[in-house]
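I'll jot down each thing as I look it up.

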Amino acid sequence: MNGPQAGICYAQTMPANATHSSSMPPGVIVLLLSLLLGLQPVTTDLYLPALPVLTAELSAPISQAQLTLTALLLAFGGSQLVWGPLSDRFGRRPILLVGLCAYVLASIASCLAPSMVWLIVWRTLQGAAMGAGVMCARAIVRDLYSPTQGARVMSKGLSGLGVIACLSAPTGGLLTEVLNWRFALLALGVFAAFTLAVVVLRFEETVQHKNPQALQFSTLVTTWREILSNPTFWAFSALTATSYSGLFTFLAASSFVFTGVLGLSKTQYGLVMFVNSLAYISGTFVCRHWLPRFGVRRAVAIAGGLTLTGGTLMAALTLAGWVSIWSILLPQLIFMIGHGIHQPCGQSGAVGPFPKAAGAASAMNGVLMMLSAFAMGAWLGRHMDGTVLPLTLGMWFWSALIALSAWTLVQKHG
């Protein structure tokens with residue numbers, strides 16, 4: 001089969017619940033998923049305690065410091081449009097090797113950056129390289145499992161991500177306190193180098209039939225059109241994009257709020273992020289318990305109620321004048337339990353209809369998540385005013401959109 005039809009054969013030649021066999025032990029698969037997905041919290045959470053310090057040391061405004069996050073995420077999202085088709089054409093393994101090597105090099109360059117401008121440049125490259133790892137992780141799940149099985153396996157990988165996130169912020173705070181912020185950035189390269197070693201030694205290619213037409217322009221256009229016209233893809237992508245944007249709002253604003261407004265030390269802030277990650281891990285365990293009992297749609301709907309409760313409570317307490325660590329952290333923990341359910345269901349569900357184009361579908365899902373997060377980061381950069389309101393009202397906004405997606409789009413098309 002040649003031409004545009006080759007790009008859409010996945011919808012015609014493979015049932016939606018098809019799976020591939022793999023000689024990799026299940027434990028190895030979960031470890032690989034945890035490390036690859038864990039690149040994202042390591043890249044964002046570990047350096048957050050250092051962000052106020054490096055901003056001051058490099059004599060940069062807060063708006064420019066926010067670009068170290070938003071530019072990274074924009075590159076992370078955009079790069080997946082390239083990595084996805086490349087991985088469908090050549091397989092997941094070579095893309096992982098190239099991406100992880102580039103990430104290690106960008107991490108070394110970041111810790112040596114002489115100015116905020118150069119730090120933004122290297123963080124942007126780091127984000128593009130990170131896209132290879134995270135995109136391949138989501139595609140690997142679809143390579144090996146049906147959508148329902150994939151949600152459960154993804155929740156295990158995201159539990160591992162949660163453990164990594166638990167350790168990231170405290171480690172970043174400790175490295176910044178004891179050494180300096182450059183060592184916090186260097187730690188990212190160490191993590192990526194370890195992940196690269198595991199991929200080299202244990203990962204086996206999961207794409208059984210590579211698509212030789214995957215990079216042809218006509219095939220790309222046809223594939224993107226098929227993905228973007230699928231209502232199930234949009235339902236779950238809306239869920240993942242709004243859920244991640246809520247998390248990103250907290251990540252981008254919390255270091256300035258907790259250390260600058262509420263007066264926590266960098267180590268104390270690391271503990272806040274640790275507890276935040278524990279709530280997320282709890283959510284992934286709840287997800288695995290609820291899926292066989294309720295199914296994906298009902299589990300997501302219940303989690304939408306948790307999310308909206310957390311966001312509304314955070315905003316209500318702030319607007320009522322009660323501003324403290326606990327008035328923000330406790331509602332955030334409720335939000336994170338819901339996040340631990342939305343993400344595995346959403347990420348697996350978005351690529352579920354595309355077993356032969358899992359890389360492309362994973363990439364498009366990732367792009368939509370990063371675009372919404374980038375828009376929120378740009379808004380925060382302009383509206384951080386020395387109060388907690390940009391954080392708490394932003395969380396309220398996204399919690400409402402998450403619940404709306406969970407209660408409408410996912411229920412109809414999920």
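This is a predicted model: local features need pLDDT of at least 70, side-chain atom pairs count only at pLDDT 80 or more; totals for chains, interfaces and linings use all residues.

Which residue lies over the face of Phe285? I looked, and Arg288 is there, at 4.4 Å from the ring centre.

**Entry: ring pairs**

I started with Trp118 and Trp122, which make a stacked pair. Their centres are 6.2 Å apart and their planes are at 25 degrees. I call that stacked because the planes are under 30 degrees apart.

Where do these two sit along the chain? I found them both in helix α7, which covers residues 116-144. They are 4 residues apart there, so about one helical turn separates Trp118 from Trp122.

I also checked how open they are. Trp118 is partly exposed, at 44% relative accessible area. Trp122 comes out as partly exposed too, with 28%.

**Entry: a pair of neighbours**

Then I turned to Phe397 and Trp398, and this pair is edge-to-face. I noted 5.0 Å from centre to centre and 75 degrees between the planes.

Buried or exposed: which one is Trp398? It's buried, with a relative accessible area of 9%. Phe397 counts as partly exposed, at 46% relative accessibility. I put Trp398 in the buried group because the cut-off is under 20%.

Key:
Residues are numbered from 1 along each chain as its sequence is written. Side-chain values use heavy atoms; hydrogens and water are left out. Rings of Phe, Tyr and Trp (its six-membered ring) pair if their centres lie within 6.5 Å; planes under 30 degrees apart count as stacked, over 60 as edge-to-face and the rest as tilted. Helices (H or I, at least four residues) and strands (E, at least two) are DSSP runs, numbered from the N terminus. Buried means under 20% relative accessible area, exposed over 50%, partly exposed in between (1.4 Å probe, protein chains only). A charge sits over a ring if NZ of Lys or CZ of Arg is within 6 Å of the ring centre and within 35 degrees of the ring normal.
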